[in-house]
Amino acid sequence: MSKVLLKSCHTEQACQAWHASLSPHTSKICIAVRLTFCIYKDAIIHTILYMPELPEVESVRLQLLAKVRGKKICTVKILHPKSVAHRGDFATQLTGKKIEHIDRIGKLMIFSFEKENDLYLLCHLRMTGQFFYVQNEHISGGGHSLTASASKDLPNKHTCVAFSFADHSFLYFNDMRLFGYIKIASAEEVLDARSKFGDEPIRDNFNFSSFLAQLLRRSTSIKAALLDQTLVAGLGNIYVDEALFKAKVRPDRKASSLTKKEATAIIKAGRDIMLHSITVGGTTFQHFVDTGGENGNYTDYLKVFGKQNTLCPRCKKAQIQKIRVAGRGTHFCPQCQK
Ligand SMILES: [Zn+2]
């Protein structure tokens, strides 16, 4: 079974890295879960702990878009009403609609439809959401850790919503724990969702001068500032540590103490790392029938996250330290980050 788990979570080291990214409360719950289910450790524990960050959601979005853009929805079956926010008109609203685009803000995917300007689908995978696309018996999937059984006999017990398209292909939204959702939204609700996020560094139109002005006014640590999604969207705990390492800035420095050059280096590093992660995570959405589910993932490229007590890969003069900054496990090199 471990063969078909995502690469990001099939090593103990990667598992620890994900653990360190969780809040203390969530981490305690996960430890309890780990103890309770230790008998199934390889299969179940990794499945529960894995949580995708933005680059993985972006990889899923891009690859899903390539599959379903322009497809007309013929039927919609709801198997778990909670996932669609118990909207009785979910199926009737979407039947006959043609998918125009899938956008994304933060980890929220936004489906839009041709000739519809007040009808959208908002989808959040949360911890255990997955998409499976089936065409001519070829299955591809993306999202939460994928196991061989997850794609068996679709729709299966974890399928929340099943769409069929006019070309006889199918899209399934599966969610083992029902934390995620796929719900209908108006244009106003989409605007409201967007307003909760700042610019993303990976976007071409990222407003650097606005970001810089706001950042240099902050009295918090640079790590706390970068984790604030209203200031800059998309940098999760792992990416902030990696970006600060690349930019050679200590995570506990006050944001207001940064020079313009340092702030520029940080945001450029965050952008580069996330873009690289999206490229690497591009295999998340794949044909497991053909490949057995082997996936690439950015955890192979981490320099400091989860690397505490190992030699700094850059200066090779100090060990990576782990401290708490902004309430999160934080990794840095005390020698080459100033
Ligand atoms: Zn170093």
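**Exercise 1. The turn between strand 2 and strand 3**

How many residues lie between strand 2 and strand 3 in their hairpin, and which residue in the turn has a positive phi?

Solution. The model is a predicted one.
- Step 1: the hairpin of strand 2 and strand 3 has two residues between the strands.
- Step 2: in that turn, Gly 106 has a positive phi of about 55°.
- Step 3: the two strands pair in the antiparallel sense, over six bridges. One of the pairs is Asp 103 with Ile 110 of strand 3.

**Exercise 2. Lys 115 and its hairpin**

Describe the hairpin of strand 3 and strand 4, then decide whether Lys 115 is buried or exposed.

Solution. 
- Step 1: strand 3 (residues 108-113) and strand 4 (residues 120-124) are paired in the antiparallel sense over five bridges. Phe 111 has Leu 121 of strand 4 as its bridge partner.
- Step 2: six residues lie between the two strands of this hairpin. Lys 115 is located in this loop.
- Step 3: Lys 115 is not a glycine, yet has a positive phi of about 60°.

**Exercise 3. Ile 78 and His 86**

Locate Ile 78 and His 86, and assign each its exposure class.

Solution. 
- Step 1: Ile 78 belongs to strand 1 (residues 73-78). His 86 sits in the loop between strand 1 and helix 5 (90-94).
- Step 2: Ile 78 has 19 other C-beta atoms within 10 Å, so Ile 78 is partly exposed. His 86 is exposed because the number for His 86 is 10.
- Step 3: leaving aside residues up to four places away in sequence, Ile 78 touches Val 84, Phe 90, Ala 91 and Val 161.
- Step 4: Ala 162 is 84 residues from Ile 78 in sequence, while their C-alpha atoms are 6.6 Å apart.
- Step 5: His 86 has a positive phi of about 55° although His 86 is not a glycine.

**Exercise 4. Helix 9 against helix 10**

Classify the packing of helix 9 on helix 10 by angle and handedness, and list the residues in contact.

Solution. 
- Step 1: the axes of helix 9 (residues 237-247) and helix 10 (residues 260-280) come within 8 Å and cross at roughly 125°.
- Step 2: this angle makes helix 9 oblique to helix 10.
- Step 3: the crossing of helix 9 and helix 10 is right-handed.
- Step 4: helix 9 contributes Tyr 239, Glu 242, Ala 243, Leu 244, Lys 246 and Ala 247. From helix 10 come Glu 262, Ala 265, Ile 266, Ala 269, Gly 270, Ile 273 and Met 274.
- Step 5: by class, this contact of helix 9 with helix 10 has nine nonpolar, one polar and three charged residues.

**Exercise 5. Helix 7 against helix 10**

Repeat the analysis for helix 7 and helix 10.

Solution. 
- Step 1: helix 7 (residues 208-215) packs with helix 10 at an angle of about 120°, the axes being 11 Å apart.
- Step 2: helix 7 is therefore oblique to helix 10.
- Step 3: the crossing of helix 7 and helix 10 is right-handed.
- Step 4: Phe 208, Phe 211, Leu 212 and Leu 215 of helix 7 meet Lys 260, Ala 263 and Ile 267 of helix 10.
- Step 5: the contact of helix 7 with helix 10 comprises six nonpolar residues, no polar residue and one charged residue.

**Exercise 6. A cis peptide bond**

Which residues does a cis peptide bond join?

Solution. 
- Step 1: the cis bond joins Leu 154 and Pro 155, with omega about -5°.
- Step 2: Pro 155 lies in the loop between strand 6 (138-143) and strand 7 (159-165).

Terms used:
Residues numbered from 1 in each chain as written. Predicted model: local features only at pLDDT ≥ 70, side-chain atom pairs only at ≥ 80, totals over all residues. Helix = DSSP H or I, 4+ residues; strand = E, 2+ residues; numbered from the N terminus. Buried ≥ 20, exposed ≤ 12 C-beta atoms within 10 Å, placed from the backbone. Contact = placed C-beta atoms within 7 Å. Axes fitted to C-alpha atoms, helices over the stretch in contact; angles between N-to-C directions. Parallel < 35°, antiparallel > 145°, perpendicular 65-115°, else oblique. Left-handed = near helix turned anticlockwise from the far one by under 90°. Nonpolar A, V, L, I, M, F, W, Y, C, P; charged D, E, K, R; others polar. Pairing = 2+ DSSP bridges.
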